[in-house]
Each structure stands twice: as C-alpha cells, then as structure tokens.
Amino acid sequence: MDELKSLLEVVAKIRKDCPWDRRQTHESLKRYLLEEAYELLEAIDKKDDKLLLEELGDMLLQVLMHAQIAKERKAFDIQDVARQLRQKLIDRHPHVFGCEPAEDILKKWEERKAKDRESILDGVPKIMPALMRSQKLQDRASLVGFDFENLQQVFDKIQEEIQELKEAIKEGNKDNIQHEIGDVLTAVVELSRFLKVDAELALQKANDRFERRFRYMEKKAKEMGIELKDMSLKEMDDLWLEAKRFDKDEAFDS
C-alpha cells in the first residue's frame, strides 16, 4: 500500500509540474491506452515476465492518469474507482460472496446487466477492433436466441455471402463490394464464434505467420542475390512454400 500511495503522489506531481503531462486529457490519452494494451498483449505472448511486469506498470499508469484528471475535474478519484470495482466484483460473484450456486452464473449476470440496457447490444464499444466487436455483438445477440443451430448453417451462410460478393464484383459497384466483403467477414466471425475460436486472436496469429514467412522469403532471396520484386510469381510461391515448411508454427498451417 505504501508503494501505491507513493505512486499516486508521483502521478499527481507530474500532472502539476510536467508541461506535457499537464496538457493531457482523457481524449489525448486514448491512443496511449490502446498502445499500452497491445504492448501488454505482446508481453503475454512472449511469456516474458520482466516485460510483463513493465507493461502492467504502463497500463496502471494509464488508469492512474485518467483517475487523476477526473479528480482535478472534481468528478471522482482512484478511491472511487476502487470502491466501484470492489462492489462490481462482489455483485458478479454471488457464488463466491453469497450462497448462489456457480451454475449459469454468466447467464444470470448478463440478465442482470440487460435490465439496465435499452438494447442487449449496449455497452459494446465502437472503438473495439472490428473483428473483436463483431464477435462480441454476435455473442450478445445469441443470448436471445439469434444464432445458428448447427455448423452447416454457418458454412451455408458464408457461401451465400461469397456468392453475393461475386455478384457485386460483377456489377463493379465499389460501395456494394465493400458492403459484401463486410458481410463475408461477419459470416467468418460467426464461424469462429460457433467453433469457440477468438476471431481477433486467430487473425493476429495469422498475421504473425505471414510476417515470419515473408521475412524468410526476403532473407532467402537476399542470400540468392536477388530481390523479391525481380522474381516471378512462381519463384515467390516456391519460396513461400519453403517458408511454410520451416515455420515454427507449421503444425497450424493455413
């Protein structure tokens, strides 16, 4: 607790005496909150405890800065944040702090939250990454039964959306093409959700695989004394297949 108290004093002081920190607002700090969140995720993926410790500190700083700014506005302070969080945790865990059984606790929690919403979709932030938000919206809709009944229905939906995309491409209307690509992506997220796969995480891992393999291609091309742009598509495809064979993630080839 002494460390936390000292940290709060440091945050208050830099807000008072540092010109850059003093200029910050809730809005100006939004980009840093997102950056720190992604850096924290990367530390977790690397399984690097030293880096994880550092990034957790950076995330905590974001929370403390927002709380300090709110305190200066006389809106609330970090004690209010802690108090509200404590009560929320107790309310969401009646099977821990009360006598309610653990069965169906998530469903009951969502039902309690739904009473305070105009729509079951309320509270899903628009600023979320698109795939993550799509999956969250679909999860919410499924709570009232708006869902597919089986896997084949999901595959049928994907095929339906792909066919509509082909028709839009044939028509050549850019707005319609964008619309239909969005529908295809939404259907693929439905598939991820139905299979209990995190769509955002799946794409992040696919991005990592692509980067590793492409960097391998660049390295091999350099060793051959040639640039990728000077290779034929067939030559690059051959390098890509070689990169896949040497990829550490080859057990999950796409």
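The model is predicted: local features need pLDDT of at least 70, side-chain atom pairs count only at pLDDT 80 or more, and totals for chains, interfaces and linings use all residues. Residues are numbered from 1 along each chain as its sequence is written, and side-chain values use heavy atoms, with hydrogens and water left out. The structure holds 18 salt bridges, and its largest nonpolar core has 7 residues.

- Helices (H or I, at least four residues) and strands (E, at least two) are DSSP runs, numbered from the N terminus.
- The expected span of a helix is 1.5 Å times one less than its number of residues.
- Helix H8 covers residues 130-142; its 13 residues should span 18 Å at 1.5 Å a residue, and its end C-alpha atoms are 18 Å apart, which agrees.
- Accessibility classes are set by relative accessible area: buried is under 20%, exposed is over 50%, and partly exposed is in between (1.4 Å probe, protein chains only).
- In H8, the buried residues are Leu 131, Ser 134, Gln 135, Gln 138, Arg 140 and Ala 141.
- In H12, the buried residues are Leu 239, Glu 242, Ala 243 and Lys 244, and their cover includes helix H11 (199-223).

**Nonpolar cores**

- A nonpolar core is a set of buried Ala, Val, Leu, Ile, Met, Phe, Trp, Tyr and Cys residues joined through side-chain atoms within 4.5 Å.
- In soluble globular proteins, nonpolar side chains tend to be buried together.
- Tyr 216, Met 217, Ala 221, Leu 228, Met 231, Leu 239 and Ala 243 make up the largest nonpolar core.
- H11 and H12 are the elements that give two or more residues to this core, and H11 gives the most, with 3 residues.
- Apart from this core lies another, of 5 residues, among them Val 11, Leu 29, Leu 64 and Met 65.
- Contact means heavy atoms within 4.5 Å; not counting residues up to four places away in sequence, Met 231 touches Ala 221, Met 224, Ile 226, Met 236 and Leu 239.

**Surface features**

- Patches are made of residues with over 30% relative accessible area and no salt bridge; like charges are joined within 9 Å, and nonpolar side chains (Val, Leu, Ile, Met, Phe, Trp, Tyr) within 5 Å.
- Accessible areas come from the Shrake-Rupley method with a 1.4 Å probe, and for residues only the protein chains shown count as cover.
- A nonpolar patch on the surface is formed by Leu 4, Leu 7, Val 10, Leu 60 and Val 63, which together have about 360 Å² of accessible area.
- Helix H1 (2-17) and helix H4 (49-72) are the elements that give two or more residues to the nonpolar patch, and the largest share, 3 residues, comes from H1.
- Val 63 has its place in helix H4 and is partly exposed, with a relative accessible area of 41%.
- Val 144 lies in the loop between H8 and H9 and is exposed, with a relative accessible area of 61%.
- The C-alpha atoms of Val 144 and Ile 120 are separated by 8.7 Å, and the two residues are 24 residues apart along the chain.

**Salt bridges**

- A salt bridge is a side-chain nitrogen of Lys or Arg within 4 Å of a carboxyl oxygen of Asp or Glu.
- Arg 193 and Asp 139 meet through their side chains in a salt bridge (3.8 Å, N to O).
- Arg 193 lies in helix H10 (residues 174-194) and Asp 139 in helix H8, so this pair ties together parts that are 54 residues apart in sequence.
- Arg 193 is buried, at 11% relative accessible area, whereas Asp 139 is partly exposed, at 32%.
- A network of salt bridges links Asp 139, Asp 147, Glu 190 and Arg 193.
- The side chains of Asp 247 and Arg 212 form a salt bridge (2.9 Å, N to O).
- Asp 247 lies in the segment after H12 and Arg 212 in helix H11, so the pair ties together parts that are 35 residues apart in sequence.
- Asp 247 is buried, with a relative accessible area of 5%, whereas Arg 212 counts as partly exposed at 35% relative accessibility.
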